[in-house]
Amino acid sequence: MIRFEGVARTYPGQERPAVAGIDLTVADGTTLALIGPSGCGKSTLLRMVNRLVDPDAGRVLVGGEDVAGLDPVALRRRIGYVLQGVGLFPHRSVAQNVATVPGLLGWPKRRVRERVDAMLDLVGLEPAAYRDRRPDELSGGQRQRVGVARALAADPAVLLMDEPFGAVDPLGRVRLQAEIGEILGRLGKTVLLVTHDLDEAVRLSDRVALMRDGRLVQDAAPADLLARPADAFVEEFVGADRLLRRLGLIAAGALAEPGAAAGLPVLPAAASARDALSALLASGAERLAVAEAGIVTLASLRRAARDGAPAGFTSGA
Ligand code: ADP
């Protein structure tokens with residue numbers, strides 16, 4: 001759905017390219033996260049998709065079409081764009097903000113109204129309560145929800161998200177990430193996400209592409225990036241706690257063995273192996289029960305951190 005072919009870009013007056021030699025594909029209906037240190041070229045790459053930046057070399061294809069041949073304004077109406085701090089119009093109501101692109105596309109008023117309410121519902125904002133508010137009457141997380149509703153309003157197949165949760169407080173962020181990730185997956189959107197937050201990348205994406213100095217260093221499924229860093233830079237970037245992150249991708253139930261649960265701490269069926277480790281550390285126990293699954297031991301967690309989930313089990317992201 002999105003494809004970068006040999007893409008490079010050097011900004012005027014800069015000696016070094018912001019990005020160079022990038023070949024990357026975001027498959028239809030999947031989410032790819034671009035991560036890497038500040039200044040490595042993530043936003044430059046993302047902005048090439050809706051032609052806020054044009055490459056000096058190479059091509060960017062959206063749905064098989066080279067975007068260089070498309071009118072930038074028409075292209076941007078086809079692609080949802082969510083930014084940090086959202087960029088909502090401050091003097092317009094929530095409804096007017098969400099209606100922006102359908103309005104520009106000339107949808108009939110009634111259809112626009114219905115769509116606005118449906119989008120607010122989708123992102124968990126009761127339309128009657130939020131439709132007429134101004135952005136400054138909302139929390140950071142609510143504003144971000146409106147930003148997502150606005151980006152989805154014209155039902156674009158492709159969504160670009162640049163640090164979308166950066167302005168949301170850490171507690172609200174995890175919940176918002178989970179909800180928005182679920183919505184995007186359910187709608188089958190193709191998403192290119194820029195983040196400097198590895199946990200966010202791992203939580204939300206099907207693939208993670210790690211960049212350094214304008215180049216692509218590794219492009220892999222989250223569990224593979226954590227399990228098999230391509231080089232020392234990736235290893236350092238994913239950090240010493242990569243094994244913990246890896247446990248976060250494995251369902252605790254997948255590690256369970258039969259055994260007596262009496263007297264043991266019990267975790268819900270949806271718990272991750274990382275949750276199980278936290279519970280063991282907090283309780284001082286060496287084993288605990290996972291509802292509907294069985295017993296998880298410290299030894300099995302250690303094995304999973306090293307080797308991944310046992311064969312035959314899918315790890316939930
Ligand atoms: P990231 O999103 O990973 O932080 P960017 O894509 O924003 O990285 O920037 C990549 C490099 O290009 C950086 O060195 C940045 O300073 C430079 N850069 C970005 N935008 C411009 C611009 N408009 N003019 C000149 N240099 C820029």
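1. T297 counts as buried, at 12% relative accessibility; buried means under 20% relative accessible area, exposed over 50% and partly exposed in between, with a 1.4 Å probe and protein chains only. T297 belongs to strand 13 (residues 294-297). With neighbours within four places in sequence left aside, T297 is in contact with E257, L280, E286 and R287, where contact means heavy atoms within 4.5 Å.

2. On the basis of the note: this is a predicted model, in which local features need pLDDT of at least 70 and side-chain atom pairs count only at pLDDT 80 or more, while totals for chains, interfaces and linings use all residues. Residues are numbered from 1 along each chain as its sequence is written, and side-chain values use heavy atoms, with hydrogens and water left out. Helices (H or I, at least four residues) and strands (E, at least two) are DSSP runs, numbered from the N terminus.

3. The length of helix 7 agrees with expectation: at 1.5 Å a residue its 13 residues should span 18 Å, and its end C-alpha atoms are 19 Å apart. The expected span is 1.5 Å times one less than the number of residues. Helix 7 is mostly covered, 11 of its 13 residues being buried. Among them are G141, G147, the arginines R145 and R150, and L152.

4. The axes of helix 7 (residues 140-152) and helix 8 (residues 170-187) come within 11 Å and cross at roughly 10°. Helix 7 is therefore roughly parallel to helix 8; angles under 35 degrees count as roughly parallel, over 145 as roughly antiparallel, 65 to 115 as roughly perpendicular and the rest as oblique. Axes are lines fitted to C-alpha atoms, for helices over the stretch in contact, and angles run from 0 to 180 degrees between N-to-C directions.

5. In this pairing, G141, Q144, R145, V148 and L152 of helix 7 meet R175, L176, E179, I180, I183, L184 and L187 of helix 8. By class, the contact has seven nonpolar, two polar and three charged residues.

6. Two backbone angles deserve a mention. Most residues other than glycine have a negative phi. D155, not a glycine, has a positive phi of about 55°. D155 lies in the loop between helix 7 and strand 7 (158-162), and is partly exposed, with a relative accessible area of 49%.

7. E163 also is not a glycine and has a positive phi, of about 45°. The loop between strand 7 and helix 8 holds E163, which is buried at a relative accessible area of 14%.

Definitions and conventions: Ala, Val, Leu, Ile, Met, Phe, Trp, Tyr, Cys and Pro count as nonpolar, Asp, Glu, Lys and Arg as charged, and the others, Gly among them, as polar.
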